[in-house]
Amino acid sequence: MPTPYAYFEQEFMPVSEAKLNIMTHALHYGTAVFEGIRGNWNEDEGISYLFRVREHYKRLRRSCRILKMDHLPDEDSLCKITSKLVSLAGFKEDVYIRPLAYKSTPVLGVRLHDLNDDFLAFVTPFGPYLDIEKGIRVCTSSWRRVEDTGIPARAKVTGIYVNSALVKTEAFDNGYDEGIMLNEDGHVCEGSGENVFMVEDGRLVTPPSSSNILVGITRETIMTLARDELGIETVEREIDRSELYTCEEFFLTGTAAHVSPVIEIDHRTVGEGGIGPITKRLMTLYFDVVKGKNAKYAEWCTPVVID
Ligand code: PMP
């Protein structure tokens, strides 16, 4: 029977057996950094393709540096642990891997120094996060994105996700699928768990890495596919909220969200309504690539055979 599996305190075990001390520092102060990696199930081959797993661990290492964590295993070991985890769990469907580096000392006192850190990961089934087929309805959130001068958003710190949770639940309570955050200066930043792209005059436009975004791996994937496969350039620049009301197309990207087309923002139809032509072409390309069906991008996909 496939079962959610964990790598915890240097051992592999079912998630149900991985128990964390309730005094663990990270639980109380948000002092952990994490990643989200997808394993995309290819039914024809019986293989789960882990997407850009090495890039995720490179970002995790950068996040660790910001939180003064020095004990993360090297990238090769992390990649091997991840493949073994997916193989042990045995799911024949799309999965999500959650690596977490955390301040593990069971002690009181808010700080980053004089604490141990440890690494854990688990894998669990995970289908679509947003309605990719139909497109989604979003609102501009009343919550602003945390600034680099407060908590650096380029680090995937667990504590920051209170910001995202406020945005997501406000959107949900008001009947939308997702919320879009503005920065403190009023420019468009990102969704609660996704980067944003608009299409303007046939080009892609997205906020730059200096705009308090999490610099997404899917964002980089889409910029590469747009440039190399469709000849479409991406402009990284600040975006005003009102530009989202007049753009030709608008979509979100993220490991969980894949490429999610936005069909409505703040009760205004995006473009002509429905999924725009450039978004559609990018989605087709992207889904082939992440399922290991495009040989040109094979190095982005780590195969794990599930028997
Ligand atoms: N922004 C935020 C706040 C996120 O949580 C995520 C999801 N990791 C993203 C953007 C997209 O990043 P990625 O494409 O690397 O998953």
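For the helix angles below I take axes as lines fitted to C-alpha atoms over the stretch in contact, with angles running from 0 to 180 degrees between N-to-C directions. The model I am reading is predicted.

**Entry: H5 and H7**

I looked up how helix H5, residues 217-230, sits against helix H7, residues 277-290. The two pack at an angle of about 110°, and their axes are 10 Å apart. Angles of 65 to 115 degrees count as roughly perpendicular, so I note H5 and H7 as roughly perpendicular to each other. The crossing of H5 past H7 is right-handed.

I then listed the residues that make this contact. H5 supplies Thr 218, Thr 221, Ile 222, Leu 225, Ala 226, Glu 229 and Leu 230. From H7 I have Arg 281, Leu 282, Leu 285, Tyr 286 and Val 289. Sorted by class, the contact of H5 with H7 holds eight nonpolar, two polar and two charged residues.

**Entry: H2 and H3**

Next I checked helix H2, residues 53-66, against helix H3, residues 75-89. I find an angle of about 125° for this pair, with the axes 10 Å apart. H2 and H3 are therefore oblique to each other. H2 passes H3 in a right-handed crossing.

On the H2 side the contact is made by Val 53, Arg 54, Tyr 57, Lys 58 and Arg 61. On the H3 side I noted Glu 75, Asp 76, Leu 78, Cys 79 and Thr 82. The class count for the contact of H2 with H3 is four nonpolar, one polar and five charged.

**Entry: ligand**

Which residues are closest to the ligand? I count 16 residues around the ligand, and the closest are Tyr 161, Glu 190, Ile 217, Thr 218 and Thr 255.

Thr 255 has a polar side-chain atom 2.6 Å from an oxygen atom of the ligand. For Arg 59 the distance from a polar side-chain atom to a ligand oxygen is 2.8 Å.

Conventions:
Residues are numbered from 1 along each chain as its sequence is written. This is a predicted model: local features need pLDDT of at least 70, side-chain atom pairs count only at pLDDT 80 or more; totals for chains, interfaces and linings use all residues. Side-chain values use heavy atoms; hydrogens and water are left out. Helices (H or I, at least four residues) and strands (E, at least two) are DSSP runs, numbered from the N terminus. Angles under 35 degrees count as roughly parallel, over 145 as roughly antiparallel, 65 to 115 as roughly perpendicular and the rest as oblique. A crossing is left-handed if the near helix is turned anticlockwise from the far one by less than a right angle, and right-handed if clockwise. Contact means heavy atoms within 4.5 Å. Ala, Val, Leu, Ile, Met, Phe, Trp, Tyr, Cys and Pro count as nonpolar, Asp, Glu, Lys and Arg as charged, and the others, Gly among them, as polar. A residue is near a molecule or strand if one of its heavy atoms lies within 4 Å of it. A polar contact is a pair of N or O atoms within 3.5 Å; within protein, one must be able to donate a hydrogen and the other to accept it, and residues adjacent in sequence count only if both atoms are side-chain atoms.
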